[in-house]
Amino acid sequence: MIFGGPSGDSPDTERANHTLMRKLLAPAFSARRMRRLSGHVAELVARQLDVVEAAGPGADLHELFSFPLPVLVICELLGVPYDDREEFRRWSGELGLLHDRPRAEAAAQALFAYVRGLVDRKDDEPGEDVLSDFAALGSAPEQRDRLAALGAGLLFAGHETTVGRIDTGTVLLLDRPGEWAALAADPERAPGAVEEVLRLAVPSGGNGGIPRYAHADVDIAGVHIPAGDAILLAPGAANRDPRHFDGATEFDAERRSSHLAFGHGPYFCVGASLARVELTEVFRALPARFPSLRLAVPRTELELRSDVLTGGLRALPVTWDRS
């Protein structure tokens, strides 16, 4: 399940539901669609950086860049009106709340109803987008409900997680002025830097666990986990495992070791290619446009969103030297 729990009420239903979900979602992230979208992402990045530059030093990078960019991209991919962004921004924020389950569930229902209506509209207003693809798969109410739930999950996960990675990745790089300067001088270093951002930038407040069922008995670190038990995986801990990574807590854009930011095997994130396209364009263009970028407040004043599933920052005030 995209909304924070295992998919199904047992290991068997989890596997079946996940297999069906991947089958339905695979065309949404096809190589053809990603190629068509990738060129436009660079244009969207440049446009949002124009907005930041016009705002001037002291701008909130989160509000002017990190949030709107992934929303623009996911809206284009899914076929969601960008003008509705404030509504689904509110629902997404409430859906991820960790300490108010009724409010989170109400937001999930509101987001589902919104996407369900969009899927139905695509019958009369189809486009080159994922929700139009979903509408073409059939009109049976039960099938439409399942597809709308998938679309709502994509709308939520497709922008919230990337927003956090842009914010925390920027801070990671600004903490290392040499890395920022190297990216500004050579934007082609961006793919390697992005992999380190993905490895090191996890949701704040320890909220980076992935719920799963154990499909077999497991004995680890002296603990026995019976098959069928629900467990919480911590990819953030795995990505800092010194047994796998030399200098595990260090940022190394030349590192070639694989990480688990997108999961592994049959559970590898179906949207990984889209996230990499976005983040690569961001960290190719942002340092090049603002080589003198730095935090406008002390790092200790940055506020972590520890109350929501996706974590991240509430604001990212930055400044730079005008040329």
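Trainee: Leaving aside neighbours within four places in sequence, which residues is Arg 199 in contact with?

Mentor: Bear in mind that this is a predicted model. Arg 199 lies in helix α10, residues 190–200. Set aside its neighbours within four places in sequence, and its contacts are Asn 239, Arg 240, Phe 245, Gly 247, Ala 248, Glu 250, Arg 255 and His 259.

Trainee: Is Arg 199 buried or exposed?

Mentor: Its relative accessibility is 1%. Buried means under 20%. Therefore Arg 199 counts as buried.

Trainee: Which backbone oxygen does the side chain of Arg 199 reach?

Mentor: Look among its contacts, which include Glu 250. The side chain of Arg 199 comes to 2.9 Å from a backbone oxygen there. That oxygen belongs to Glu 250.

Trainee: Where on helix α5 do the buried residues fall?

Mentor: Helix α5 spans residues 85–95, and its buried residues are Phe 88, Trp 91, Ser 92, Glu 94 and Leu 95. Seen down the axis, they fall within an arc of 170°, so they line one face of the helix. The cover over them includes α4, α6 and α8. The place asked for is one face of α5.

Trainee: Are α4 and α8 roughly parallel or antiparallel?

Mentor: Their axes are 8 Å apart, at an angle of about 155°. Angles over 145 degrees count as roughly antiparallel. So α4 and α8 are roughly antiparallel.

Trainee: What is the handedness of the crossing of α4 and α8?

Mentor: In this pair, α4 residues including Ile 74 and Leu 78 meet α8 residues including Gly 151 and Leu 155. The crossing is right-handed.

Conventions. Residues numbered from 1 in each chain as written. Predicted model: local features only at pLDDT ≥ 70, side-chain atom pairs only at ≥ 80, totals over all residues. Heavy atoms only, no water. Helix = DSSP H or I, 4+ residues; strand = E, 2+ residues; numbered from the N terminus. Buried < 20%, exposed > 50% of the residue type's maximum accessible area, 1.4 Å probe, protein only. Polar contact = N/O pair within 3.5 Å; in protein donor to acceptor, adjacent residues only side chain to side chain. Contact = heavy atoms within 4.5 Å. Arc of directions from axis to C-beta. Axes fitted to C-alpha atoms, helices over the stretch in contact; angles between N-to-C directions. Parallel < 35°, antiparallel > 145°, perpendicular 65-115°, else oblique. Left-handed = near helix turned anticlockwise from the far one by under 90°.
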